[in-house]
Amino acid sequence: MNGAVSHDYGAALTKSLLYYEAQRSGKLPPNQRVQWRGDSGLKDGSDAGMDLVGGYYDAGDNMKFGFPMAFTITMLSWSTVEFSSQLKARKELSNALNAIKWGTDYFIKAHPQPHVLYGQVGDGDSDHACWERPEDMTTLRTSFKIDDHHPGADLAAETAAAFAAASIAFSSSNPAYSAQLVNHAKQLFEFAHDHPGLYHDSIPAAKFYTSSGYEDEMLWAAAWLHRATNDEIYLDYLGASTNTGGIRTAFSWDDKFLGAQLLVAKLVLEGKVPDTGTWGQYKSQAEEFICSCIQKGSKNVKKTPGGLLWFLEWDGLQYVATASLVAAAYGNYLSGNHASICCAGFTVQPTDLFHLAQSQVDYILGSNPMGMSYMVGFGSNYPTQPHHRGASIVTIKKDPKPVTCQEGYRMWFNRNAPNPNVLDGAIVGGPDEHDAYIDTRSDYQLAEPATVTVAPLVGVLARVATN
């Protein structure tokens, strides 16, 4: 399809940040813009004698899963750090910082002691058995944590990465808060380092967000902590690694190797570490992934007939979003250092990487065979039935009568009609590998939006909006 169609990237950027306001858990602030939402989850943490009010609901459900939530905040922070001048130019920087802070304020509460981190609120099975507005929740709100006896290095390290990346985002506007975030990041990195283990062995999240390992999160956290503090200890950790990840096939809430490789490649380009040995490996592996996305690698990423990078069936656009941020950020690093990439004999310039990111954003916003925008509320043709409890049930402001667990399914989930509330800025799972999409909320594989998907696109949208 022709990607030359011009989209209103500024409007898409505004909506992408509005989406996070619709996902808020807790007591909503006076400046809340998404009006169909109300306060919810106000007793979260009370079962453990803790205040765990706040944070974000994960996707279309009412769960607070710490592992993907932390990755969301790391990616929102990366988007903001990398493209802060563009966000500022579009008058969205304060909204981006507010979206990050809603997450980090919650993580500060969830990390009451150096080696204690609450990583989940809610019971996945009971939550998924009900279709209720967050404001009406009747499901179990059990709090789960990791500690010295029940470790989770992946969760601790990803949360450390979120704190460290966010500290950079706040370094100029709120230095005291930034310093507080760095302190939490350092404690969690140390906790993860000294207590290896998979978080889903300590917290019942395996059915929903199984972690494939913690080595990637450790490198990712070290890379962000080094960028935030410049401390040699984190550089030494990266340099001593015997596993730099190899050439990855995707970058996601479960696999952060590529993110770490990219941040190290930045150091190589800046001459802070040599382009040899382990350091050179990180860089060449990051660049090989980018080459494969740009279709000039030894093993190219598949593309749909309409031009969308194709990684996985489930929530396919999440992987497209992260790959797009990788391309845009690396384009920045290359142009800042007057460098290019060599892909299988082809020279790839920073502009090629920006074009790749823009082509994927264009596809998501409607330049595709379906002529459909996969961002809810954007354009004239977008999914009207995203799989999302709050959006699919009449707002509590219009009808305060509680909708019970099964009544929600009967009256709202099974209703073949547009959701009563528009979930502006949400990005659904996306089309299948043949560019086809059916707008029905029962297909959670294609129709469920998730917080992890939009975060990397915030930076890419800021970049293309100010091009």
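## Basis of the description

Helices (H or I, at least four residues) and strands (E, at least two) are taken here as DSSP runs, numbered from the N terminus. In this assignment, Asn174 falls in the loop that links H6 and H7. The structure is a predicted model, for which local features need pLDDT of at least 70 and side-chain atom pairs count only at pLDDT 80 or more, while totals for chains, interfaces and linings use all residues. Residues are numbered from 1 along each chain as its sequence is written, and side-chain values use heavy atoms, with hydrogens and water left out.

## Overall architecture

The protein has 17 helices and 7 strands, and its C-alpha trace spans about 65 × 55 × 35 Å along the principal axes. For 467 residues, a compact globule would have a radius of gyration near 23 Å, and the 21 Å of the protein agrees with this; the radius is taken over C-alpha atoms, and the globule rule is 2.2 Å times the number of residues to the power 0.38.

Of the 467 residues, 63% count as buried, where buried means under 20% relative accessible area, exposed over 50%, and partly exposed in between, with a 1.4 Å probe and protein chains only. Among the contacts with a separation of 6 or more, 74% are accounted for by residues 24 or more positions apart, a contact being heavy atoms within 4.5 Å.

## Packing of H4 against H6

The axes of helix H4 (residues 93-110) and helix H6 (residues 153-169) come within 10 Å and cross at roughly 135°; such axes are lines fitted to C-alpha atoms, for helices over the stretch in contact, and the angles run from 0 to 180 degrees between N-to-C directions. H4 and H6 are therefore oblique to each other, given that angles under 35 degrees count as roughly parallel, over 145 as roughly antiparallel, 65 to 115 as roughly perpendicular and the rest as oblique. H4 passes H6 in a left-handed crossing, that is, one in which the near helix is turned anticlockwise from the far one by less than a right angle, whereas clockwise would be right-handed.

On the H4 side, Leu97, Ile100, Thr104, Phe107 and Ile108 take part, and they meet Thr159, Ala162, Phe163, Ala166 and Ala169 in H6. By class, this contact of H4 with H6 has 8 nonpolar, 2 polar and no charged residues, where Ala, Val, Leu, Ile, Met, Phe, Trp, Tyr, Cys and Pro count as nonpolar, Asp, Glu, Lys and Arg as charged, and the others, Gly among them, as polar.

## Packing of H7 against H8

Helix H7 (residues 175-194) and helix H8 (residues 215-229) pack at an angle of about 150°, with their axes 11 Å apart. H7 and H8 are therefore roughly antiparallel to each other, and H7 passes H8 in a left-handed crossing. The contact is formed by Val182, Ala185, Lys186, Phe189, Ala192 and His193 of H7 together with Met218, Ala221, Ala222, Leu225 and Thr229 of H8, and the residues of this contact divide into 8 nonpolar, 2 polar and 1 charged.

## Loops beside these helices

Asn174, in the loop between H6 and H7, is partly exposed, with a relative accessible area of 28%. Its C-alpha atom is separated by 22 Å from that of Ala221, 47 residues apart from Asn174 along the chain.

Pro204 has its place in the loop between H7 and H8 and is partly exposed, with a relative accessible area of 42%. Leaving aside neighbours within four places in sequence, Pro204 is in contact with Gln120 and Phe144; Phe144 and Pro204 are 60 residues apart in sequence and 8.0 Å apart in space, C-alpha to C-alpha.

## Positive phi and a buried loop residue

Most residues other than glycine have a negative phi. Lys91, although not a glycine, has a positive phi of about 60°; Lys91 is found in the loop between helix H3 (84-89) and H4 and counts as exposed at 70% relative accessibility. Gln295 likewise has a positive phi, near 70°, and lies in the loop between helix H11 (277-293) and strand S4 (302-303), where Gln295 counts as partly exposed at 31% relative accessibility.

Gln32 lies in the loop between helix H1 (9-22) and strand S1 (64-65) and counts as buried at 7% relative accessibility. Not counting residues up to four places away in sequence, Gln32 touches Glu21, Arg24 and Arg37, and the C-alpha atoms of Gln32 and Leu18, 14 residues apart along the chain, are separated by 9.4 Å.
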